[in-house]
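Morning, everyone. I'd like to walk through some strands today. Here is the model.

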Amino acid sequence: MWAGTKVVVLLVITVTCLALPGWGAVAALTVVLVASAAAARIPPSVVPVPPLWFWLLLAVGAAVSLLGAGLGLYVQALAISFGVLGLGLMLGWTTPVDEIPPALAVIGRPLSRLGLPVDTWAAAVGISLRTLPLLLDEIRIIAAVQRVRRPPSDRGIRAARRALRDWADLGVTLLAVSVRRAAEIGTATAARGGRPVLARVPVRLGAPDAAALTAVILVCGLAALLP
Amino acid sequence: MSAPRTPFVAWRVAPAELSSAEFGAAGLLGGLAAATVAVGKVLPHVGVLELLATIPFAVLAVQHRARAVVTGAIAGATVALLLVGLGGLLTVCGCALIGGAVGWVKARRRGGWTVLGCALVLGPLVGIAADAVLVLFAPLRELALGSVTHLAAGVTVALHGIPVLSPAAEYLRGVIDLLVGTWWVWVPVAATIAAVGGMLVTWRLLIAAVARLAPDRADGIGGRTREAEWPPPAPLPVSLNAIEVHYPSASAPALAIERLDISPGSFVVVTGANGSGKSTLLHALAGAPVTRGRVERPGPIGLGRVGGTALVLQRPETQVLGMTVTEDLAWGLPDGHPLDVPAALAEVGLSGLEHRSTSALSGGQLQRLAIAAAIVRRPALLLSDESTAMVDSAGRDGIIGLLAGLPRRHGITVVHVTHFEAEARQADRHIVLAAGRVVRDAPPAAPDRPTRPVERGPAPQPDSPAVLEARDLSYTYAPGTPWAHRALRNVSMEVAAGEGVRVEGGNGSGKSTLAWLLAGLLVPSSGTCTLDGRPVDQQVGAVSIAFQHSRLQVQRPTVDAEIASAAARGFASEAERVEFAQRALALVDLDPALARRPVDALSGGQLKRVALAGILVRRPRALILDEPFAGLDPASRDALVETLLRIREAQAMAIVLITHDVVGADRLCPRVISLRQGILR
């Protein structure tokens, strides 16, 4: 399936859920998530299990809503926010990252008629996505350095102060490294002629794209009918 | 026929497009903001983090034009949308607005009052926009307001259960009902409060962050204006006449050359120690401005253009711009330029990797790809700025062979800058720089001295007991998912006190995973890893680890603060801290006067030693070094080996050296073990 189809589907469903939140939207989200997970053979084990306090917080919220006679609304709001989050994750799990920027350039092509630099934007998204794994690696290393340094004896206020300073160091170090890397990427862009242009990748739409779009339109119709 | 325009037309035209520096900053800082927001959304207990996403945009706005902030916001918002959905997109947009405005104020050298003024204008505007959205999306509004009402009702019922609190409950209920009833007033009010708070916090943090960021070290290559498309580039022959380059902070010129000509069709190698001005020379050839003198060439330099000048840079991972090999080759090529991907890859020895993701390539492969991307532009001049520094010795030989063949095969003139003298052997011309001046300019000398015989360190004492021990160590990433990856299987090794062991292996051999396990930073999937008999993951910090990228290891603003932090020591006075840092610096043969220096003012070699000083002053029983020699010139590398040898003897420390570079490590680590795909060979 073309990556652009997935991005369009993601946008359509998200907007539908926001415009018409209700049991229909919850049902639509569930159907799309389950169907795409089945199609891409994503097992349920990939979903990270939140810690206990998270469940406790949810339970307290549910109890208070129940007392206020609004449990239904509470469940709806929760289901929709987690469903939308799940859609984004599903896109990430099922799409090779390198297919996304060219797809964005194609989707944004109408905007370029207005004189907006859509190609530059798509190329910038490409750079962001390409450097994301490097960024995550850096966060891992900075956090590891801090773990190795942390004296095991710290407790209470000292530990809290230390944690605060560690977060600040993490942020500033990341920022400093990113600014340096940005300069290097800038030089590399200059070395390619200074014009950020993505290679044009031909769009091939097939039966899966048609099926996905049809299904999404049906599902969104369902969401609109069921308030 | 139209008259050819002069190359100077471009700078008079308002530059509508982003400069390459702005583009790089927008992509990188936008991505950083998106990652920050994503972490905040996925881990709700650190949700406050999301607000820090304003800082990258503020820095972007301080250093670049508004259009760079817009591009950064679009990049960040899109990435956030892909990572965590529409909520992420909206948060990034809000952060871009706040950060951009604060950075804009800072760039104009205004103060906190201007920030407050901006917040009082922006807040209500955003609030009114939010009102409009809520009016349009009525069901969403009802869901949100309904949830709040019901929660409030629930709290009231709960409070009624406690007789004392029942008036308070009624009052609370009344307040919330009032708020919900007049939501269209409170949304802009809340937005204004958020804008004021967010902008003032961002302002404070930005001032702190800018103080710690290195001053803009733009190398001057590829400015904001692009050369006109006409006339065609003609960078050669180039001649430097009485040029001098000064950097603001230094008194002596970084480069002072009477006369230097580069004529077409040769392979020129420039060598010199760190700080000899060789990179400055290369930047001057690439079009960076010089302080004094003239750089003469027949036509425009044509950076990255067909027939112009191509650049291959030092760090492999930041000069590859595409996500797949093919995409990278085509990145930035003019429409319609012929591109034979298989042939281009075959030439640099990357056949069959067309569709490989660039993040899966090794450093040497990335450099080959960069050379291929340069060759497909058929440049007249190829400039290589220490492109072999981060590559292992086998990869180095391959890259030099490739560069040396370009003049004959394609008529491309190559100027290669390096700190390895041996790379000049195949050159037509060998230029040596020292302290910014040319001290030699001739065909390369025949290698007069034979390669140094390998000196063996003291033989390991087989009877000394093992300090650091791994038994049947295995590790699997993302177990139980489709991406489960077994990085290490059944590895057993031991290191005795005062012994050095080198772990070698290529990309994906699992050597980094082994380093993390030995330091206790990962918990083994199976097997054990112990220091003096106790599992290392229960005593994190007992085994020290020095990472390859020192800029990530050195996290405090000044050298003395960094060493104190690395040693996990607090001090009563600053004088005591400086004295402690000076002792630590002496340990790694650094000038104690560096103790008060900001870390950003250090060279790469000094930074590595400062990182080591903080580690060694704790007298660890075992030390893991991850690629400690990458990017060092041979003299600095030998000096670092000497230092480590002395400390290893003095402290009876066990050393594990993770490297793919064989040169220079034999004396420090006579024993070598090899990893191949997670298995010990």
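What handedness does the β-α-β unit of β6(B), helix α13 and β7(B) have? Right-handed: β6(B), helix α13 (residues 393-410) of chain B and β7(B) make that unit. Right-handed means that, with the strands pointing away from the viewer, the path from the first strand over the helix to the second runs clockwise.

Some ground rules. This is a predicted model, where local features need pLDDT of at least 70, side-chain atom pairs count only at pLDDT 80 or more, and totals for chains, interfaces and linings use all residues. Residues are numbered from 1 along each chain as its sequence is written, chains are lettered from A and ligands numbered from 1 in the order written, and side-chain values use heavy atoms, with hydrogens and water left out. Helices (H or I, at least four residues) and strands (E, at least two) are DSSP runs, numbered from the N terminus.

Stay with β7(B), residues 413-418. Its 6 of 6 residues are buried, meaning under 20% relative accessible area with a 1.4 Å probe, protein chains only. T413(B), V415(B) and V417(B) cover one side, V414(B), H416(B) and T418(B) the other. Strands pair if DSSP finds at least two bridges between them. β6(B) runs parallel to β7(B) over 5 bridges, with L382(B) opposite V414(B). β3(B) also pairs parallel with β7(B), over 5 bridges. There, T271(B) faces T418(B).

Now β16(B), residues 622-626. Here 5 of the 5 residues are buried, so the strand is largely enclosed by the rest of the structure. β15(B) pairs with β16(B) in parallel over 4 bridges.

Conventions. Buried < 20%, exposed > 50% of the residue type's maximum accessible area, 1.4 Å probe, protein only.
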